[in-house]
Amino acid sequence: MTDFDFDLFVIGSGPAGQRAAVQAAKLGKRVGLAERQAVVGGVCLNTGTIPSKTLRAANVVIGVGTTTTRDPKIAFDGTHIFTSDDILELEKLPKSLTVIGAGVIGIEYATIFATLGVRVTIVDKRTRLLPFVDEEIIDTLVHLMRQERVTLRLGEGVSGVELTEDGEQGQRVHIHLDSGKHIVTETVLYSIGRTGATDKLNLAAAGLATDDRGRIVVNEHYETEVPHIYAVGDVIGFPSLASTSMEQGRLAACHAFSVPAHSFPDLLPYGIYTIPEISVVGKNEQELTEAGTPYEIGRAAYKEIARGQIVGDQAGLLKLLFDPDTRKLLGVHIIGDGACELIHIGQAVMSLGGTIDYLIDTVFNYPTFAECYKTAAFDGVNRLG
């Protein structure tokens, strides 16, 4: 093997690794990158973010850092039982789909398939979907999912999964729940999170250890316990988003070479590509309440504005949380068409320490969803009396 001398060597070409490598190269450093797959881009480009969002976009028009966590008791046959890495290999739409695991990926696929007319059942041990998202936003999503005939089995554990022949129906998957319930479905998506792809790296030889899901602990600069080794992206855990992973990679590379870099770690937006989209930035009501922080609410329903009427989005909602004394924005929560784009207006205002008055005083193009900010701001200020 030929020896190379690098200033930075990156393992994995997903969003985090790619951005770290580019940043170091821009600083004039000699950079090497290793990727176990035959193509670059990691899960994001090849089996995760981009393919799934492309499917979602096509669906709407019509009408690595990690590997998927697999239960050793379940046989993933590629015909009836899938993970998120291979669900896109389905050759035709099933009549029914059961999603085991109601995290972001599971919920995204559940809404995509439900919108295509597939009968979807969701099973999860938790009693509430996506607990980091504002409760009112989730309530809206659940209402819309039930309109698409999605069945929710929350607070339920899975005790067994088996593939059987059901006569004229052909092969079916039987799912046994801890409560004694029994689900029969044509297809299963097993989506209980992702495991860091670290088992073959022999990290112990470098003085590093991982948790039971292959994740590595880092500090605020993304340094591991070994100072010259950094970890970024899915392998360090939540939020495991392409957008946040890219920023982590950039910041880690800058810190490694003592280059000043700044970010807004408390204002990272979360984009969830369910149908409809959800996006949030800042604090939600539950977090503010637990912290004892006073807040007021401003809401704007999509059906109130011209753009919402034009596109027929009757359920969309933009929600502002702000300090009643300083009037500074504390959080923005959106469900509806274009939410993942719309969130950046609120993010910019919050990053600059702006108040709800900016949204009242500024002018937005008409007719646009951005007008929701102005409507919600007026609603919030009116609540102050």
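This is a predicted model: local features need pLDDT of at least 70, side-chain atom pairs count only at pLDDT 80 or more; totals for chains, interfaces and linings use all residues.
**Entry 1: ground rules**

I began with how helices and strands are named: they are DSSP runs, helices being H or I with at least four residues and strands being E with at least two, numbered from the N terminus.

Residues are numbered from 1 along each chain as its sequence is written, and side-chain values use heavy atoms, with hydrogens and water left out.

**Entry 2: confidence**

I checked pLDDT, the predictor's confidence in each residue, from 0 to 100. The protein has a mean of 89, and 92% of its residues reach 70 or more. Over residues 61-66 I saw pLDDT stay under 50. For that stretch the model has 18 contacts beyond four places in sequence, a contact being heavy atoms within 4.5 Å.

**Entry 3: helix H6**

For H6 that gives 21 Å, and its end C-alpha atoms are 21 Å apart, which agrees.

Next I listed its buried residues (buried means under 20% relative accessible area, exposed over 50%, partly exposed in between, with a 1.4 Å probe and protein chains only). Among them are Thr244, Glu247, Leu251 and Cys254. Helix H1 (15-26) is part of what covers the buried residues of H6.

**Entry 4: helix H9**

I repeated the check on H9 (residues 339-351): its 13 residues should span 18 Å, and the end C-alpha atoms are 18 Å apart, so the two agree. Its buried residues include Ala339, Leu342, Ile343 and Met350. I found the buried residues of H9 packing against several elements, including strand E13 (270-272), strand E14 (278-282) and helix H11 (371-383). Just after H9, glycine 353 takes a positive phi of about 70°.

- Leucine 130 is not a glycine, yet its phi is positive, about 40°. I placed leucine 130 in the loop between strand E6 (119-124) and helix H5 (135-147), and it is buried, with a relative accessible area of 2%.
- Arginine 327 also has a positive phi, near 65°. It sits in the loop between E16 and E17 and counts as partly exposed at 24% relative accessibility.
- The peptide bond from isoleucine 275 to proline 276 is cis, with omega near 5°; proline 276 lies in the loop between E13 and E14.
- Tyrosine 366 and proline 367 are joined by a cis peptide bond too, omega about -5°, and proline 367 is in the loop between H10 and H11.

**Entry 5: tyrosine 302**

Is tyrosine 302 buried or exposed? I found it buried, with a relative accessible area of 0%, in the loop between strand E15 (296-301) and helix H8 (306-311). Tyrosine 302 and glutamine 314 are 12 residues apart in sequence, and their C-alpha atoms are 6.1 Å apart in space.

Definitions and conventions: The expected span of a helix is 1.5 Å times one less than its number of residues.
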